[in-house]
Amino acid sequence: MAKERRGLVKFIAELLIVFVGVYGAFELNRYQETKRETKIRERYFSSFSSELNKLSFDIRNAQKTINKALTNFQTAAENGEKPIPKPVNIIFEAPMLITRAGFNDDVFIQLDASLAASLSGGYDNVQLVIKQIERFNQLCDNQLISNTPINFYDRQGNLKPEFHWYQNELLDLQKYMSNLDEMINQGAIPAVKKLLDSLQ
């Protein structure tokens, strides 16, 4: 009887050892998997952060071009001169490949639905500004570049109505870029930094 009891205790002890071993291996595997996923997310958001910083740099450069053209035109008009609407080639492309991939793979939605909605709105605004800039550049090419001299002013010395778009478009672009600058530098970049800090 005592022999059987010792055998049963030994069997239970071995079973317990196997159970602890299997459970420990499972937990270790889960821990390693979680660490791997965290590392992948960290790398992804680190790349995303770099993309946002590049976007911020491109926004600032485009703003400088727009502000310079607008200031030159307005200052000359205020001084009683007849400023000529000059073609302004504003460069702002921002393909945002990492951001687009994040939306396509639902990376943002998996992490946080509100973050996804916020970033989606930001991405849409970037695309809107790109379209507005393309439109302005196209208007400059079509209406301000010619092989023959263009009469921008009428006999009274007023800018002809068909060229009023120039200053209005620059003012609109200035506003769009200012909003985008705020959205990226005060919204998206700090949000991603906070996310990265939480992953580290």
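1. A salt bridge here is a side-chain nitrogen of Lys or Arg within 4 Å of a carboxyl oxygen of Asp or Glu. By that criterion Lys 193 and Asp 197 pair through their side chains, at 3.3 Å from N to O. The model is a predicted one.

2. Both Lys 193 and Asp 197 belong to helix H5, four residues apart, about one turn of the helix. Lys 193 is exposed, at 51% relative accessible area, while Asp 197 is partly exposed, at 41%.

3. The whole structure holds four salt bridges. Another of them joins Lys 54 to Asp 58, with an N to O distance of 2.6 Å. These two residues lie in helix H1, four residues apart. Asp 58 is buried because its relative accessible area, 17%, falls under 20%.

4. Arg 135 and Glu 169 also form a salt bridge, their closest N and O atoms being 2.7 Å apart. This pair links distant parts of the chain, with Arg 135 in helix H4 and Glu 169 in helix H5, 34 residues apart. Arg 135 is partly exposed at 43%, whereas Glu 169 is buried at 10%.

5. The largest nonpolar core has 42 residues, and Leu 55, Phe 92, Phe 136 and Tyr 166 touch the most other members. Helices H1, H4 and H5 each give two or more residues to this core. H5 supplies the largest share, twelve residues.

6. Beyond its neighbours within four places in sequence, Tyr 166 is in contact with several residues, among them Ala 69, Phe 73, Phe 136 and Leu 144.

Technical notes
Residues numbered from 1 in each chain as written. Predicted model: local features only at pLDDT ≥ 70, side-chain atom pairs only at ≥ 80, totals over all residues. Heavy atoms only, no water. Core = buried A, V, L, I, M, F, W, Y, C linked by side-chain atoms within 4.5 Å. Buried < 20%, exposed > 50% of the residue type's maximum accessible area, 1.4 Å probe, protein only. Contact = heavy atoms within 4.5 Å.
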